[in-house]
Amino acid sequence: MAAEQIFSVPFRFLMDGKFGGEQNCSPSRPLGLARFVGDTSNLLLKYLISEESRNKLNSQWPIVLFGPSGTGKTSLALTIISDLTEKSDRENEVISFNQPRLEPSYGKPIFLSALEFDRRYRSAIETDSVNDFRKKLIQSAGVIIDDVDRLEQKTAAQAELVRVLDQMSAKNRPIVVTMPNSPQLCNGLSSRLISRLSLGLSLPVNPPGPEARLEIIRELTNINQINLSDDAAQLLADRLQVTVPKLSHVFAQIKASLSAEASNPAEIIDAAKLTQIFKKSASEVESLCHLIIKSVAKEFDLKVSDLKSNSRKQSIVMARGVSVYLNRELLGVSFLKIGSYLGNRDHSTIMHANRKIEKLVSSDPNSSEVDSTIQSIVFKLKQELTEMFASQINFI
């Protein structure tokens with residue numbers, strides 16, 4: 001992938017204090033990165049924030065940003081709304097719904113978590129002020145509803161959100177919502193709300209790709225004042241296919257390790273030193289191996305004992321192979337050790353299982369329905385497990 005595919009979106013919503021009760025940002029010391037770094041995995045977002053796209057957003061509301069936690073959906077939503085509603089004398093301003101009730105100011109968009117939306121709506125019903133609640137949203141310059149999936153089973157709030165979406169769209173007022181999955185995959189939402197969300201522009205926010213990860217790691221290196229060599233940075237980018245919060249946690253652990261060793265701050269941390277920092281004891285590696293096996297069994301709706309058994313049932317054989325592959329891919333554990341964790345199997349049998357999954361994962365996803373299904377499962381598990389113990393990965 002060419003490096004010029006990397007793009008950057010500054011988070012122009014920065015403000016003091018809390019908004020919506022869920023995030024903290026400061027113009028001088030933003031938490032994490034002060035920008036979204038993307039590559040080919042998120043090229044659609046590059047278009048979304050471009051000048052060209054802003055003139056074409058009419059009748060596209062709501063914009064739905066969906067993706068895993070930590071990918072930057074909320075920050076992007078705040079930036080989009082801020083850009084669209086900025087005023088020359090009050091640039092990039094976002095207020096909390098909790099501030100005193102004022103006459104609508106078209107320069108101030110509103111941020112609400114989905115749960116806060118539900119709470120405020122129920123409070124409005126109890127105080128007979130639903131019209132005021134609705135008016136404040138609809139007459140604002142723009143609205144962000146964060147984690148809409150949290151309205152699962154809250155039918156009244158869902159119906160109210162549909163009304164708000166309809167009326168804001170009619171007035172061409174921007175509204176952005178975030179959620180972990182595309183609207184069609186949120187089973188807990190009403191068909192009416194899913195349909196209304198689907199009328200807007202839905203865009204995935206994916207974890208950073210390899211080029212974006214390397215750029216993020218370089219920036220975190222500067223933020224944390226760690227002298228990381230190019231080979232060490234590349235090692236992190238290759239091994240940690242995770243989001244910015246997880247990468248930030250890894251750097252916190254590197255700093256803690258260097259502090260404990262009373263290392264020279266100017267010392268260059270190369271790949272060998274990085275491996276030493278994260279190297280685990282045999283018992284720690286074994287615990288992580290068993291965690292992988294347990295996670296795979298759960299994903300295939302099997303028991304761990306099934307994977308250790310002598311069963312040749314196709315689903316069990318496939319799950320066993322995925323366990324082998326992920327232990328090798330994520331932890332670099334020897335075939336001999338993996339075999340001992342899976343019913344004391346011979347290392348040659350384990351090697352064969354690993355080759356089979358390796359070939360399947362790298363094959364054309366359209367080659368067969370089974371291949372595509374297993375590829376999806378492996379990708380999902382790899383992402384979830386890497387996120388779960390990113391800073392515990394063994395760099396062997």
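The model is predicted, so local features need pLDDT of at least 70 and side-chain atom pairs count only at pLDDT 80 or more, whereas totals for chains, interfaces and linings use all residues. Residues are numbered from 1 along each chain as its sequence is written, and side-chain values use heavy atoms, with hydrogens and water left out.

The protein chain holds 17 helices and ten strands, taken as DSSP runs numbered from the N terminus (helices H or I, at least four residues; strands E, at least two). Of its 396 residues, 48% count as buried, a term for under 20% relative accessible area, with exposed over 50% and partly exposed in between (1.4 Å probe, protein chains only). Among contacts (heavy atoms within 4.5 Å) between residues at least 6 apart in sequence, 72% join residues at least 24 apart.

Aromatic rings of Phe, Tyr and Trp (its six-membered ring) pair if their centres lie within 6.5 Å, and planes under 30 degrees apart count as stacked, over 60 as edge-to-face and the rest as tilted.

| Pair | Centre to centre | Angle between planes | Class |
|---|---|---|---|
| Phe7 and Phe36 | 6.3 Å | 40° | tilted |
| Tyr121 and Phe133 | 5.8 Å | 45° | tilted |

Phe7 in strand β1 (residues 7-10) and Phe36 in strand β4 (residues 35-38) lie 29 residues apart, so that their pair links distant parts of the chain, and both residues are buried. Tyr121 in helix α4 (residues 114-126) and Phe133 in helix α5 (residues 130-138) likewise link distant parts of the chain, twelve residues apart. Tyr121 is buried because its relative accessibility is 8%, and Phe133 is buried with a relative accessible area of 5%. Together with Phe117, Tyr121 and Phe133 form one aromatic cluster.

Elsewhere, the charged end of Arg328 sits over the ring of Phe335, 4.1 Å from its centre, where the rule asks for NZ of Lys or CZ of Arg within 6 Å of the ring centre and within 35 degrees of the ring normal.

The second largest pocket contains about 650 Å³ of space. Of the 25 residues that line this pocket, the closest to its centre are Pro68, Pro207, Phe379, Lys380 and Gln383. Two or more lining residues come from each of α8 (210-223) and α17 (369-388), and α17 gives the largest share, eight residues. A pocket here is an open set of points on a 1 Å grid over the protein atoms alone, where a 1.4 Å probe fits, with protein on both sides within 12 Å along at least five of seven lines, and lining residues have an atom within 4 Å of a point.

Notes: Points joined across faces, edges and corners; volume = space filled by probe spheres on them.
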